[in-house]
Amino acid sequence: MTSSSLSIYNTLTRQTEVFKPIHAPFVGMYVCGPTVYSNAHLGNARTFVSFDIIYRYLTHLGYKVRYVRNITDAGHLEGDQDEGDDKFAKKARLEQVDPMEIVQRYTLDFHKVLQQFNTLPPSIEPTATGHIIEQIEMTKKILANGYAYESNGSVYFDVEKFAKEYSYTILSNRNLEELLNNTRELSGQDEKRGRLDFALWIKAKPEHLMQWPSPWGMGFPGWHIECSAMSSKYLGEEFDIHGGGMDLVPTHHTNEIAQNIACHHKSPARVWIHTNMLTVNGQKMSKSLGNSFLPHELFSGNHKLLDKGYSPMTVRFFMLQAHYRSTLDFSNEALQAAEKGFTRLMNAMRLIPDLKVSAKSSVNCAELGKNMYDAMNDDFNTPVALAHLFEAVRIINSLNDGKESITVADKEELSKLMNEMVYGVLGLAEEKAANTDKIDGLMQMIFEVRSTAKANKDFKTSDHIRDELKRIGFEIKDGKDGTSYTIIN
RNA sequence: GGUAUCGUGGCCGAGUGGCUAGGCAGAGCUCUGCAAAAGCUCCUACAGCAGUUCGAAUCUGCUCGAUACCUCCA
């Protein structure tokens, strides 16, 4: 089916490279998951939808993928000064609950949101608090290897020492000297030797809610060490793909690579994949800017920037219309366009089983398939794949109108291709209302009444039925083979 | 201030030296009791300026503008 092979843009090399797993057919993929101290917003969702497509496509190509996505539930500091509170403790104090209640609440919310977007669960979803021992062990190793130092009960990574032997900025493509010169002054504390040094282990104050014993006293892990520890544990010291949002490149992923090299003398991942941001009116959607959308606000339309609600699948389709490495701008107009496009696609999908076959085919299924796979092979180019999907939509509609013809074999191929691409790879799904069968029966009865009226030229009654149904939310179409309906929002 | 990335038709958004992206919106036609849907046709753009080239939206330079990172962030 495919003539090309999968290529992926690698942040590490800033090039698109042919993908070759280290141990085919197995693929190890680590994606940085959320910090569960507040509701997942739409920007977060975009990242995980993007990686869902990547996971689905790799699986579709026959790879046995181990997809690891962590939950950060400890140690994520408020500031990068390695002082102050961790996010869970802060939120917990605000809400008068135990930090693990915060973790539980927002982990459940995160899972619910991703389920609504029809993403597949990862193979392993490890938590930071569940891997304190691994993080301590890794910190010990980095200390033993000489790339970290203890200071007053905390352990810091020595960036300048590391940078003498390895490239600290290989991923971010930054100039180290400039980073050193531009980093803001440390705010009055001098536990750290270097300005870029970051914490592997942080000494806890007595009142701190989340703390664990360690060789350096009671404390909690730094933010970056968890991903190093957990990826090493579940995927090995060297694995195929590491991903996350683009905003993680300069700090989190940069430090992760440094930690892994300092510990194992190996860079963790061959390919680094980074997804771009969702923007609102051209500005990055983020919690700190206060312009973020919560998924349920989008679904219900209960948000000051929205005219109406949009279903999860509409939003997923909307996200697929842009490449994962481009920013995607959010607006009512764009969402409405996506809604109509998605409906058109799904309407065509519904027509496939009943398409009439003939002895000859005017449809070139092989070419359609090749085009779609070529697009996906080109760094998961979903917008181009969708463009070819819409070519198929046009063909399906023409077949339905009897303007094109298709053989039994070609129809089977077309059906398989469309189902695999739309449902399997792109992860779109039909959004069925409850009690569809009952509604179907009810509608058939109404249509009988209406066609009797039509046969009697009683168009007043037939149009009244149609108008009323539309008002309620059913749009009906009179086709050659009877009347059909779609539920509109 | 430093470092990147980007600037595509009414909107969203692919493409990256010559060949129609696609979706939505708009116009016309066909079908139809009227609609709706669908099909066909039309709308053919690449921030500005200069350069390279037979040829540039695509390469180079400059200008302008936007965004991101350098501080938590997917």
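# A guided tour of chain A

Chain A carries 54 positive and 62 negative side chains, and the centres of the two sets lie 4 Å apart. Here Lys and Arg count as positive and Asp and Glu as negative, while His and the chain ends are not counted; each charge is placed at NZ of Lys, CZ of Arg, CG of Asp or CD of Glu.

Before you click further, note that this is a predicted model, in which local features need pLDDT of at least 70 and side-chain atom pairs count only at pLDDT 80 or more, while totals for chains, interfaces and linings use all residues. Residues are numbered from 1 along each chain as its sequence is written, chains are lettered from A and ligands numbered from 1 in the order in which they are written, and side-chain values use heavy atoms, with hydrogens and water left out.

**The whole chain**

Start with a cartoon view of chain A, which has 16 helices and 15 strands. These are DSSP runs numbered from the N terminus: helices are H or I with at least four residues, and strands are E with at least two. The C-alpha trace spans about 90 × 50 × 35 Å along its principal axes.

Of the 489 residues, 51% count as buried. Buried means under 20% relative accessible area, exposed over 50%, and partly exposed in between (1.4 Å probe, protein chains only).

**Colour by domain**

The domain assignment gives domain 1 (7-275), domain 2 (279-425) and domain 3 (436-487); such bounds come from an automatic or database domain assignment. Between domain 2 and domain 3, the C-alpha centres lie 28 Å apart.

**Along the chain**

Select Ala24 and Pro25: the peptide bond joining them is cis, with omega near 5 degrees. Most peptide bonds are trans, and most residues other than glycine have a negative phi. Pro25 sits in the loop between strand E2 (15-18) and strand E3 (26-31).

Now pick helix H1, residues 42-60. Its 19 residues reach 26 Å from first C-alpha to last, close to the 27 Å expected at 1.5 Å a residue; the expected span is 1.5 Å times one less than the number of residues. Because 16 of its 19 residues are buried, H1 is largely enclosed by the rest of the structure. After H1 comes Gly62, with a positive phi near 105 degrees.

Move on to helix H2 (residues 87-95), where Lys87, Phe88, Ala89 and Ala92 are buried. The buried residues of H2 pack against helix H3 (99-116), with contact meaning heavy atoms within 4.5 Å. Just after H2, Gln96 has a positive phi of about 60 degrees.

**Two loop residues**

Asn173 lies in the loop between helix H5 (159-165) and helix H6 (176-182). Though not a glycine, Asn173 has a positive phi of about 60 degrees. Is Asn173 buried or exposed? Asn173 is exposed, at a relative accessible area of 52%.

Then select His265, in the loop between helix H8 (249-264) and strand E10 (269-275). His265 is not a glycine either, yet its phi is positive, about 60 degrees. With a relative accessible area of 49%, His265 is partly exposed.

**Last stop**

Finish at Glu448 in helix H15 (residues 436-455). Glu448 counts as exposed because its relative accessibility is 54%. Draw a distance from Glu448 to Leu171: the two are 277 residues apart in sequence and 66 Å apart in space, C-alpha to C-alpha.
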